[in-house]
Amino acid sequence: MGRSMRGLLAVVAFAAVLRLGLVGANFADLCDITWEPQNAAMTDGGEHLTLSLVSNISGSMLRTKKTFIYGSISTLIKLVKGNSAGTVTTYYTSSVGDDHDEIDFEFLGNETGQPYTIHTNVFADGVGAKEVQFYPWFDPTADFHNYTIFWNPSMIVWFVDSIPIRVFRNYASKGVPFPTKRPMYGFSSIWSADDWATQGGRVKTDWAKAPFVAEYDNMGLDVCECLSTDAECAARCNKDTPPEPSQLTKEQMRQLRAVQLGYTIYDYCVNGKGPVPPECSMPQY
């Protein structure tokens with residue numbers, strides 16, 4: 001199959017999967033519990049997962065068995081109900097080792113009645129501090145919502161219920177680090193960060209309400225899987241992964257602008273301290 005045909009199929013799959021919010025195989029097949037397994041539970045044949053935070057040093061973490069460079073990873077999450085101040089529930093991709101790459105969804109808890117913060121970030125070659133944060137336009141504790149990270153050689157897109165909320169474009173040719181060569185795992189976790197997570201650390205965790213439980217349903221991986229060495233994987237995945245889609249559709253652009261205008265609460269390009277990073281003056285969409 002030619003690269004142009006693979007690109008066309010990638011565009012079709014990108015639009016169809018995100019429109020339908022589909023997720024695929026189960027946690028038992030795809031993942032291992034790598035931290036505090038006693039605080040994790042799988043039911044429904046591995047399709048449903050709970051991760052519990054029981055103390056300030058005892059949460060839980062799940063990691064995919066596969067590593068990959070590029071692809072789409074999705075899951076359904078129902079966040080901690082009630083007073084979740086000081087808790088952080090996550091869904092992200094990350095390499096291991098020095099100068100790591102990482103693409104983040106982090107959900108920062110709050111007092112009862114106050115909104116969660118959806119925290120996004122990206123690291124490339126160990127360079128991060130590219131946070132953009134949003135308030136959700138829905139109650140993320142009342143039902144499951146689909147969170148998807150889409151990553152290809154052109155861009156990274158964060159989706160919530162098939163709606164794009166952020167794009168980070170590949171400007172490596174202009175000196176902006178972009179993840180292209182380090183295989184990543186997919187992770188989900190819950191942990192304590194009451195020194196900073198809620199209102200800058202002003203509101204602490206009420207441990208009398210522990211355990212704090214986040215629920216996940218299914219995980220979908222459509223990725224360029226790493227099968228041997230990191231160098232081989234980087235060479236193969238950069239050769240075989242088409243750069244398309246390299247732009248959002250017109251409808252996705254409309255959705256993204258609506259979210260960014262109505263729900264952004266922090267943007268490192270606008271609110272950050274120090275020199276403005278070069279990518280902030282470059283088109284992202």
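In which strand does E102 lie?

**View 1. E102 in its strand.** E102 belongs to strand β7, which covers residues 102–108; a strand here is a DSSP run of E with at least two residues, numbered from the N terminus. The model is predicted: local features need pLDDT of at least 70, side-chain atom pairs count only at pLDDT 80 or more, and totals for chains, interfaces and linings use all residues. Residues are numbered from 1 along each chain as its sequence is written, and side-chain values use heavy atoms, with hydrogens and water left out.

**View 2. The surroundings of E102.** With a relative accessible area of 13%, E102 is buried, a term that means under 20% relative accessible area (1.4 Å probe, protein chains only). Neighbours within four places in sequence left aside, E102 is in contact with Y92, T93, S94, N121, V122, F123 and M184; contact means heavy atoms within 4.5 Å.

**View 3. The annotated residues E102 and E106.** The unreviewed UniProt entry lists E102 and E106 under "active site". Such annotations may be inferred rather than shown by experiment.

**View 4. The chain around the close-ups.** The chain contains 5 helices and 15 strands, where a helix is a DSSP run of H or I with at least four residues. Its C-alpha trace spans about 60 × 45 × 35 Å along the principal axes. Of the 285 residues in the chain, 51% are buried. Among contacts between residues at least 6 apart in sequence, 70% join residues at least 24 apart.

Conventions. Buried means under 20% relative accessible area, exposed over 50%, partly exposed in between (1.4 Å probe, protein chains only).
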